[in-house]
Amino acid sequence: MSLYSFFNRKLFPVYRKSVSKVHELRYIFFELTHRCNLSCLHCGSDCIKDTRTPDLKSEDILRVLSEIKTSHDPSKVMVALSGGEPLCYPDLWHLGKEIRRLGFSWGMVTNGFNWNEDTYAKAIEAGMGSVTISVDGFEEDHNWLRGHPQSFERAMRALDDLVKNDFPGAFDVVTCANARSLPKLEEFHDFLVDRGLKMWRLFIISPIGRARKFPELILSGEQLRTLLKKIETLRDSSPMRVTYSESGYLGVEFEQKVRHDRFLCLAGINVSGVMVNGDILACPNIDRRFKQGNIHKDSFLDVWENRYDQFRNRQWMKVGECEHCEQWPLCQGNSFHLWDLDKCSTRYCHHKLLYDPDNQN
C-alpha cells in the first residue's frame, strides 16, 4: 500500500471523525430572501421574483450572531449572505455594517444583475470581505441558463467593477459547467484571464430544486470525466487559481488534482445556516426535513452543540449501494445536499459515474 493510499484508507477517516467530534463552527449562511431577479434553470431552491415568503429579518440575524459571539471568536467565523439574490434584500448594506461591527467577516454570491455604479462603494462601506459573481459561460449560454437576455452583460459589469477598483477583499467567479458550455471551457478560461480575474471555481448542476425538471442539465459520467480532466490541465497551466467546487467524492484519480483539499462535506460539522423562515439547517440546498431547530424558538448555540447528529455520524447513510461500497470510509454518502431522504440514497454518485463503465453515458 502506497503512503498516499495508506493516508486515504487509514488516517483520513480518523481525521474526519475527529473534525466531526470537535465540530468547530467556521461558516454560517443566512438565507435572506426568496426573491430573485432571474429564473435560472438550475436553481436549487426555486426562488422567484414575486414571492410571498417574508424576508429573514436583519435583527434576527444579528441576534444569532451576537449569541455565537458569546462562545466563538467572530474573526474565525465567516458569514455568507445568500438567497434568492442577496442584492434584492433591502437591508443588505446596513446588515453588512452591523455584521462587521460584531467582528465577523461577511460575503455573498451574487448574479450581479443589480450591481450598479454605486454598489461597489456601498460594499466597501459595509465592510464586505468577499464576493463571488456567477458567470456560466459566454453570453448565449449564460443567458439561456439564467433566463434573462441581459444577465451576462450585468454579471460582467459587476466583475469588471471589482477588477477595475482592485477590490480589497477576496473575489472570484463561479461557473456552472454543463453539457452546453463544456466544449467552450478552455476558451472561456482565456476570456476570464483577459478580463483580469485571478480566481475561478467550477461546479456541476445537482438534480435538486428546479434542476430536477431539466435532466439534460445533469452531466453524464463521460461528461464529468471530461470536465475534471480539463480542470486538472488548467490548474497546471493557468495564471488563475482554478478549482472544482466541493460537491462530490471523486476518487483517487481526481481528488486533490482538481481542488486543493480532499472531499469532506462539512455540512453540520463546520458549516451551519439559517433559512428564510428561521429553520436551522446545515446547507442551503439540503432537504428541509433535515432542519435541526428554528431561531424563533430555539437557542442557536444549543442546537449547534447538541443536535446535528445526522450530519456528524453518517452511519445511518450506509445503506443500499453505499452499504458495501469500498469507498464508504472516504465518501460517507457523498455531499449531504444530494441525499434523497425518501429513497435513502444519493441522487448523484460521482464515483460510480466516473469509474463504472456501465455509467459512462
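This is a predicted model: local features need pLDDT of at least 70, side-chain atom pairs count only at pLDDT 80 or more; totals for chains, interfaces and linings use all residues.
Strand 8 spans residues 271–274. Val 271 and Gly 273 point one way, Ser 272 and Val 274 the other, and all are buried. In a regular strand the side chains alternate between the two faces of the sheet. Strand 8 pairs with strand 1 and with strand 9, as tabulated here.

| Pair | Direction | Bridges | Partner residues |
|---|---|---|---|
| Strand 8 and strand 9 (residues 279–281) | antiparallel | 2 bridges | Val 274 with Ile 280 |

Strands 8 and 9 form a hairpin with 4 residues between the strands. Gly 278 takes a positive phi there, near 95°.

**Thr 33**

Thr 33 lies in the loop between strand 1 and helix 2 (58–69). Is Thr 33 buried or exposed? Thr 33 counts as buried, because its relative accessibility is 0%. Leaving aside residues up to four places away in sequence, Thr 33 touches Asp 55, Ser 82, Gly 83, Gly 84, Glu 85, Tyr 89 and Val 276. Cys 88 is 55 residues from Thr 33 in sequence. In space, the C-alpha atoms of Thr 33 and Cys 88 are 7.7 Å apart.

**Helix 7**

Helix 7 covers residues 185–195, and its buried residues are Leu 185, Phe 188, His 189, Phe 191 and Leu 192. Why do they count as lying on the same side of helix 7? They cover an arc of only 160° around the axis, so they share one side. Glu 187 and Asp 194 are exposed on the other side of helix 7.

The buried residues of helix 7 pack against helix 6 (151–164) and helix 8 (221–237). They also pack against strand 5 (170–177), strand 6 (199–204) and strand 7 (241–244). Gly 196 follows helix 7, with a positive phi near 100°.

**The second largest pocket**

Rolling a probe the size of a water molecule over the atoms shows where empty space is left. The second largest pocket holds about 430 Å³ of space. The pocket is lined by 24 residues. Closest to its centre are Glu 321, Cys 322, Thr 346, Cys 349 and Lys 352.

Which elements each supply at least two residues of the lining? They are helix 11 (328–331), strand 12 (345–346) and helix 12 (350–355). Helix 12 gives the most, with 5 residues. By class, the lining has 10 nonpolar, 10 polar and 4 charged residues.

Technical notes. Residues are numbered from 1 along each chain as its sequence is written. Side-chain values use heavy atoms; hydrogens and water are left out. On a 1 Å grid over the protein atoms alone, a cavity is a set of points where a 1.4 Å probe fits but cannot get out, and a pocket is an open set with protein on both sides within 12 Å along at least five of seven lines; lining residues have an atom within 4 Å of a point. Grid points are joined across faces, edges and corners, and a volume is the space filled by probe spheres set on the points. Ala, Val, Leu, Ile, Met, Phe, Trp, Tyr, Cys and Pro count as nonpolar, Asp, Glu, Lys and Arg as charged, and the others, Gly among them, as polar. Buried means under 20% relative accessible area, exposed over 50%, partly exposed in between (1.4 Å probe, protein chains only). Two strands pair if DSSP finds at least two bridges between them. Contact means heavy atoms within 4.5 Å. The arc is that of the directions from the helix axis to the C-beta atoms.
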